[in-house]
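Q: I would like to learn how to read disulfides in a model. Could you take me through the general idea and then through the case at hand?

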Amino acid sequence: MGLSAAAPLWGPPGLLLAIALHPALSVPPRRDYCVLGAGPAGLQMAYFLQRAGRDYAVFERAPRPGSFFTRYPRHRKLISINKRYTGKANAEFNLRHDWNSLLSHDPRLLFRHYSRAYFPDARDMVRYLGDFADTLGLRVQYNTTIAHVTLDKDRQAWNGHYFILTDQKGQVHQCSVLLVATGLSVPNQVDFPGSEYAEGYESVSVDPEDFVGQNVLILGRGNSAFETAENILGVTNFIHMLSRSRVRLSWATHYVGDLRSLRLNSGNAFGKKYPLIRASYESKGSRGLFILGTASHSVDYRKSAGGFIHGFRYTVRAVHRLLEHRHHSVTWPATKLPITQLTSSIVRRVNEASGLYQMFGVLADVILLKENSTAFEYLEEFPIQMLAQLETLTGRKAKHGLFVINMEYGRNFSGPDKDVFFDDRSVGHTEDAWQSNFLHPVIYYYRYLPTEQEVRFRPAHWPLPRPTAIHHIVEDFLTDWTAPIGHILPLRRFLENCLDTDLRSFYAESCFLFTLTCQKLPPFCQQGYLRMQGLVSTESLRQHRVESRLLRDYAPTGRRLEDSSQQLGDQEPLGSPLAPGPLAQSVDSNKEEL
Amino acid sequence: MFSGFNVFRVGISFVIMCIFYMPTVNSLPELSPQKYFSTLQPGKASLAYFCQADSPRTSVFLEELNEAVRPLQDYGISVAKVNCVKEEISRYCGKEKDLMKAYLFKGNILLREFPTDTLFDVNAIVAHVLFALLFNEVKYITNLEDLQNIENALKGKANIIFSYVRAIGIPEHRAVMEAAFVYGTTYQFVLTTEIALLESIGSEDVEYAHLYFFHCKLVLDLTQQCRRTLMEQPLTTLNIHLFIKTMKASLLTEVAEDPQQVSTVHLQLGLPLVFIVSQQATYEADRRTAEWVAWRLLGKAGVLLLLRDSLEVNIPQDANVVFKRAEEGVPVEFLVLHDVDLIISHVENNMHIEEIQEDEDNDMEGPDIDVQDDEVAETVFRDRKRKLPLELTVELTEETFNATVMASDSIVLFYAGWQAVSMAFLQSYIDVAVKLKGTSTMLLTRINCADWSDVCTKQNVTEFPIVKMYKKGENPVSYAGMLGTEDLLKFIQLNRISYPVNIISIQEAEEYLSGELYKDLISYSSVSVLGLFSPTMKTAKEDFSEAGNYLKGYVITGIYSEEDVLLLSTKYAASLPALLLARHTEGKIESVPLASTHAQDIVQIITDALLEMFPEITVENLPSYFRLQKPLLILFSDGTVNPQYKKAILTLVKQKYLDSFTPCWLNLKNTPVGRGILRAYFDPLPPLPLLVLVNLHSGGQVFAFPSDQAIIEENLVLWLKKLEAGLENHITILPAQEWKPPLPAYDFLSMIDAATSHRGTRKVPKCMKETDVQENDKEQHEDKSAVRKEPIETLRIKHWNRSMKSRKCRKTRQRKW
């Protein structure tokens, strides 16, 4: 079976996978997609492959899914929150506070049905993952340990080679795409100088007293590593945290996560500093090899959620979308909408999208403008570091400019030596929105798709290259960005100025007037009214329109202004919707909405 | 009294320039008491603030005082901060820190002392100081009697400027005092803060500051009251100045030159001129009229008497008024106005009010970008507190959605609670529910996609609002009509039955065509369509059925394909396959041959057939006529169209004169917005009815049928021929500007750049340098938090797209308002 020529999976660091000639003595079963590991990430990928009707198999060494959770964390308490009631019905929004569920179309497969605890028990996770696999009928081969992976060059193959997987029984599986979702549990066989001093998590003491005054190196960085680190943080001199994958795809990471303050000295022991996967989660060494789940965390090492269920469930979906395009010519899903829906589509997403929220800075929505900006395509949760390659990765065209909608925490402008955190400062004014500290939506406008160079050499602390224009939606503690004046109006003005058009909405009566008195119409009238879908105002709204007009130039000290605000000197206020320019607004209305 | 001041009264405009455009760079000198008193010059006024040496170096009061240095200097008043040091105790130095006061000296005579809390801001400082200095020139009164005494004393001698301000020390008070500084020797200034006094002279809106000009100088009879002119602009220094200037100008001037060339002080002040055309024979009467008009327009326009007889240029024979706008290069207008009120209203409607901005902090550049300018968003916001009878519709959730739409025929409104357009339409939707209450088999439901996003996505709803109809055994249908009560109601009512209706007998077909069969539905569809097919025409029937189904909810369609179909086709002279169109309002039945039987073509034939030959154009139906891409020939009518005109136009239609146009009429009673359209076309507006040709699709020219001609066939034909030959001049061209952003956005990118450069990590952009210099200046004596805040304040650059070329379409109209 050519095993002799195959590099063992946990070979020397740096060598990703050895390329071997594979004698075709027998024809092993061939799969389009092989997923290693039936943990959360593996099951999540299996779900998407199943829904898309793809040929796939999941290999799991344990008899049931989620074996990691049968042993870890040792205190049996998950650190991922399970907020069952958010006060909102929106299922998408609620995933922002559900850190354990996998994505599926089946509302029964939400973790809140499995545990009432805010920090749930690990046993519930095991039960949940089992149900997920069973209910959805995912194709998992249990009790199958993949011992070796080799590459078999073949020009017919999707990626120029097949992945040859050999399990513990010597059974061989040939795969076009290999998706590694084995997690980062403590390696069974650590093999480096000094490894003999390592102690396994399963046996390590949970008593902090045993670590007083010591320098501790923690290998691995799952919840277990944090659990351990947190436990002994107060008593140790220094904690180093390091990790590598079980399959020894030798990279080291800068993971900081919740233990950000520890200042990790990463990876020097292994001589390899940079992760070997791209922002698309594909291995840099082997095309067609993707890293999913916890192990893929190097992509967003400085941020957070990519190493957790509530983060990687979205990155897995992104990987699946990339694969769908690459191998099945299915373009990245997008909604095509008229430009009049631009403001609304952004408002909708920033208010409910969970993927944007959990994977801020990593996955972002992209709006591709159509010619003349009359319409646009809305793409959800694209890996933004791959922005320059968007056209080839998604099959969509970005010729006429684009918006990127990203969620961000406040930025550091003052340099490393200064304290950026102003005392108790949260931003309340729209003009100061760019200084928002808490997670808030940021919209980037590019006239042209940035190049790879521009993405790589972007300004420090910028998640994206310098845009043509940028807009921050002012932070909101309830992440409710629907205030008409505070959030929606400034967003519209930004979009209008980017597109150099008028995105206001108008009643049919106004459109009627414009149609007969102007040669051009604003988009709202063009795309609505002229297509016989104008918005007819009711009597009470008409009254308000008359009133708002009267208030148009309202100035408290000038009666003259008030008079002149009747622009037409009109006895018939109904006939005066001419160019609803800026309408005055009672001063208190702003306050009320906020 | 203060002779020194007269020097400064020269060239008020210069002073005003200084006040408003000079940056306040002068800072407050700090002197010791001895030094201070040595600087005092005889006859010169000086304001000094005495404070303990160990008092805080900054305070709100000092900041305001610092700001007042420059404006007070413009009035020849010096300002100083005097530090009371131990060595030289002055009696002006208070005993305690918090008892420090400001003192106003003239020469070295103390005029007044001010507790610092009366000088609460720069306006209060300037107002109080001038008030003290101009004690004789500004009389402060508290009752009507005082006012009457002053008035009586000045009759035949001088005019009075009387003003009311709510309090001493507020910006309006300062403005009055600044005006008094300039005009105090020419006019008697009278000031009050008594609201009762203002009311007793008959003012309205007493919550605002008021300024009146009392024309007392002209009054010779002491029993007569002085005429009063109210200044209508807000009380600011500049406005008062302009107001007084117009009061000073002569009331009525006689001219005998080309009005285009005439210029008076009014034009310079941005006010229009009104010429009353006079001739020898009626001179006396004209002059009286002109005087009357002049009084009415005092402060709003200049009035002149134009002597036609000695005029060298020609003006139209019938014109009796000439109107000249203040804007340069705009031709004068010749008007025929037979009523003084018409003249007044014409002027008032055409005044170009230029708001003069003089906010010193320059925070009010143009319209505020934080103010809502979306009419839908604004009206929905204003209406948010009104309770709608939402209970008339069923609110669906993820749990109830499928069960509900499966169980009964339903209409579902998909909306988003935060989206203004959705919420505006929700009102119409509820109105439909009110109208259908208890009568419809269709269940009216709604689902808020802000809550049930997944349900909406599953129903393929990606934009809002969307209305869908769910009927048992049928695919859901999206409503594609106007988002309004009437059209949606029509859609729901017409969908009570399925289309096309299968007609099974000749008798039923006749009932169908006469409207008898669906009596209760024909009010929603003025046309019933009947497809006639022989039983063998299978594909044609299928295509027609598809078309009928497609048009369900918009028009009634039926199909007849029994063996005896030939009876019908013969009766209506139609060769099969054919459509019969029954127009119920006109009681007419037409036949249309079905050459092509593609469903799409049939839909097109039917939609075209729904169009009328001479429709009343409305907000709702304009799009279907606009679609034809032909110039509109619109007859504007105040009420129902005159049958004579209608007949004339229909005759022309029949004679094919109007094939290249879309003739229609507009009832201003039903469509009041039509007045707005007429105003865009005509100025002044001739009497109705008006016949207009609007070339909407190419060029935008508007031609008017001469209003002095009768709307009869002959005249129309002649006019159309002249139009065709290019002999008619257009009255206006519709603006062709694109719709640009109504206002700029916040330029966060520049703010970020500036903040970065401020921290020294980026190169300073050139344009920023000036502000930075100031910044650095301030940093030296301001605490850190202020410094941190400062760049943000200066960086509220609201004009990233400074050109502001927006909305010329509207601008053009604005000129006409």
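Predicted model: local features only at pLDDT ≥ 70, side-chain atom pairs only at ≥ 80, totals over all residues.

Q: What joins A:C34 to A:C175?

A: A pair of cysteine sulfur atoms within 2.5 Å is read as a disulfide, and such a bond joins A:C34 to A:C175, with an S to S distance of 1.8 Å. The pair links distant parts of the chain, 141 residues apart, with A:C34 in strand β2 (residues 30-36) of chain A and A:C175 in strand β7 (residues 172-180) of chain A. The link is left-handed, with -85° about the S-S bond.

Q: Why is the disulfide of A:C511 and A:C525 left-handed?

A: Handedness is read from the torsion about the S-S bond, which for A:C511 and A:C525 is about -80°, so the disulfide is left-handed. Here A:C511 belongs to helix α12 (residues 508-517) of chain A and A:C525 to helix α13 (residues 523-527) of chain A, 14 residues apart. A:C511 is buried at a relative accessible area of 1%, and A:C525 is buried at 0%.

Q: Is the disulfide of B:C216 and B:C226 left-handed or right-handed?

A: The torsion about the S-S bond of B:C216 and B:C226 is about 115°, so this disulfide is right-handed. Both cysteines lie in the loop between β9 (210-215) and β10 (227-230) of chain B, so the pair ties together parts that are ten residues apart in sequence. The S to S distance between B:C216 and B:C226 is 2.2 Å, and both residues are buried.

Methods: Residues numbered from 1 in each chain as written. Chains lettered and ligands numbered in written order. Heavy atoms only, no water. Helix = DSSP H or I, 4+ residues; strand = E, 2+ residues; numbered from the N terminus. Buried < 20%, exposed > 50% of the residue type's maximum accessible area, 1.4 Å probe, protein only.
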